[in-house]
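Subject: Structure handover and notes

Dear colleague,

Here is the structure for you to look over. My notes on the helices and on some backbone details follow below.

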Amino acid sequence: MKPVPKPLFLRGARVLDLDADLDDPPARDILCEGGAITAVGTGLAVPDGAEVIEASGMLAIPGLVNSHYHSHDVLAKGMFEDLSLEHWGVLAGPLGAKRSLAEVRARTLAGALECLHNGITTVQDMNSTAPFSDEVLDTIVGAYADAGIRVILGMTVRDQSQLDTIPWIADLAPAELHGIIGTGRDAAGPQMAFVEAALDRIGDRGGMVRWALAPSAPQRCSPALLEAVADLSRRRSLPVYTHVYESRTQRIFAHERLKAHGGSAIRLLEDTGLLGPHVSLAHGIWLDDDELDTVGSTGTNVVLNMLSNLKLKSGVAPILEYRARGVNIALGCDNCSCSDVQSMLQVMKLFCLLAAVSTLERSTVTAAEALRAGTLGGARSAGLSGSIGAIKAGHRADLVLMDRTDPAYVPYNSAVRQLVYADSGRSIRRVIVDGEVVVQDGRSTRVDEAALRGEIEGLMPSVRADIGKLQAGYVKVLPWIDEVNRRAWSMPLPFHRHVGLPRR
Ligand SMILES: [Zn+2]
């Protein structure tokens, strides 16, 4: 259990509140006690022993919620380019497996610190490590605790191989290459037993660690595994994260291989009890109208990841269709090996811009709506509505102070629009999580970042050598993945999600 921080008193910050004036937010004092916001108002009394921060030049925003992230491949940031999702999956899929505890700690810390530096105070980590072990999990949880970020942790489970889930590839690629694509199938039972045991063994660490269940994707799990996830979720009231319809090829796979569920990954989830307000679908790009209706009518959340979706040629999610159905939208930054940055500011801006270019009509997907998705939308997807995502009394004290003298806010016309469209994160001065300042003036207050950089430098030769081996294998199977994608892309669909390509 972490020690309770002393009271924190922020005097006179402009407080961005989605229920109030977003262009010229009023100046307010914020009192944080016991890790929670206990009062927001004017002329508040400073309690004895409180640390006082003069914040009149600051814009205070709720801590951002990165609702889809994977910490296992942070060290592969900037390594890959020009890959489709299927190429990337084969190349980058094994990155988290069989790594040293030193590497697990370094990558988890580095990712958490990048999030914090960019104003992200909660991260929803869909963690892919193999094999499962208490030591690895304890290392991950320990690194998050040391960084001082709030985490919702889901250990990814699956019992179908990579080869099982890419259409036609088992027939196209020579058998001797199947191992490179991925033939490993771990049994469902031990994975679920490990996940359930971890809930009790580790607990919630004073609320800083929460647990989620993370079936990798419907097509990567047997119906029995999905049902076991649904059962555990019900018994322990846990949110569920899964990847759905990230690429056109996955859409075609569903038509071809999920015939028992109407050729629909959404139907498969519904049939196994995995739709509803506790479930978040990451990506959700290639749903058809009926599936969008089902997501809307069941209250299921969607987590959009524009950075990885664009870089991996996956397409543009139907933002306006989700919006029209009242679907709760959260936003995420996804893997470092395919989006390269943990910046909700970049994602919120893309959310607005891609919505704008999705119709010629006025779409009214505004900066305020992006901020809502990046805070309250994420809170809901994590099952933490009313606890995080807003600067209000009763919420946890997760917030960010941005310097209004930064060029992004000069002249100061609209706090929320300049936050979303103009600020790169350069203005961030303090990041506060659970009432504690964990980043101040660009530095972690808890982690020796220079030492961490040195450790990572020492780890990288072996990381690069192992990724080099993966690349040598990947080059051999690349033509067959190209063939799969070309075949999938030549098959007709009644809708499209790409930019600048003819409808097919
Ligand atoms: Zn993902």
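This is a predicted model: local features need pLDDT of at least 70, side-chain atom pairs count only at pLDDT 80 or more; totals for chains, interfaces and linings use all residues.

The expected span of a helix is 1.5 Å times one less than its number of residues.

Helix α6 runs over residues 188-202. From the first C-alpha to the last, its 15 residues reach 21 Å, close to the 21 Å expected at 1.5 Å a residue. The buried residues of α6 are A188, Q191, M192 and V195. They cover an arc of only 95 degrees around the axis, so they sit on the same side of α6. The exposed residues G189, P190, A193, D200 and R201 are on the other side of α6. As for packing partners, the buried residues of α6 pack against strands β8 (150-157) and β9 (209-215) and against helix α7 (223-236).

The backbone beyond this helix has two positive phi values. R205 has a positive phi of about 50 degrees, although R205 is not a glycine. R205 belongs to the loop between α6 and β9, and R205 is partly exposed, with 16 other C-beta atoms within 10 Å.

Helix α3 can be described in the same terms. Its 14 residues, 134-147, reach 20 Å between the first and last C-alpha, close to the 20 Å expected at 1.5 Å a residue. Buried in α3 are V136, L137, T139, I140, A143, Y144 and A147. Seen down the axis of α3, these residues fall within an arc of 160 degrees, and therefore line one face of the helix. The face turned away from the buried side carries the exposed residues D134 and E135. The cover over the buried residues of α3 includes helices α2 (101-117) and α6, together with strands β7 (120-127), β8 and β9. Just after α3, G148 takes a positive phi of about 85 degrees.

K98 lies in the loop between α1 (85-92) and α2. K98 is exposed, with 10 other C-beta atoms within 10 Å.

Two cis peptide bonds are also worth a look. The bond from A130 to P131 is cis, with omega near -10 degrees, and P131 is located in the loop between β7 and α3. V410 and P411 are likewise joined by a cis peptide bond, with omega about -5 degrees. P411 is located in the loop between β14 (399-403) and α15.

That leaves a helix pair. How do α14 and α15 pack? Helix α14 (residues 367-381) and helix α15 (residues 415-422) meet at an angle of about 70 degrees, and their axes are 8 Å apart. Angles of 65 to 115 degrees count as roughly perpendicular, and α14 and α15 are therefore roughly perpendicular to each other. On the α14 side the contact is made by A367, A368, A370 and L371, and on the α15 side by V416, R417, L419, V420 and Y421. By type, the residues of this contact divide into eight nonpolar, no polar and one charged.

Regards

Conventions: Residues are numbered from 1 along each chain as its sequence is written. Axes are lines fitted to C-alpha atoms, for helices over the stretch in contact, and angles run from 0 to 180 degrees between N-to-C directions. Helices (H or I, at least four residues) and strands (E, at least two) are DSSP runs, numbered from the N terminus. Angles under 35 degrees count as roughly parallel, over 145 as roughly antiparallel, 65 to 115 as roughly perpendicular and the rest as oblique. Two residues are in contact if their C-beta atoms, placed from the backbone, lie within 7 Å. Ala, Val, Leu, Ile, Met, Phe, Trp, Tyr, Cys and Pro count as nonpolar, Asp, Glu, Lys and Arg as charged, and the others, Gly among them, as polar. A residue is buried if 20 or more other C-beta atoms lie within 10 Å of its own, exposed if 12 or fewer, and partly exposed in between; C-beta atoms are placed from the backbone. The arc is that of the directions from the helix axis to the C-beta atoms.
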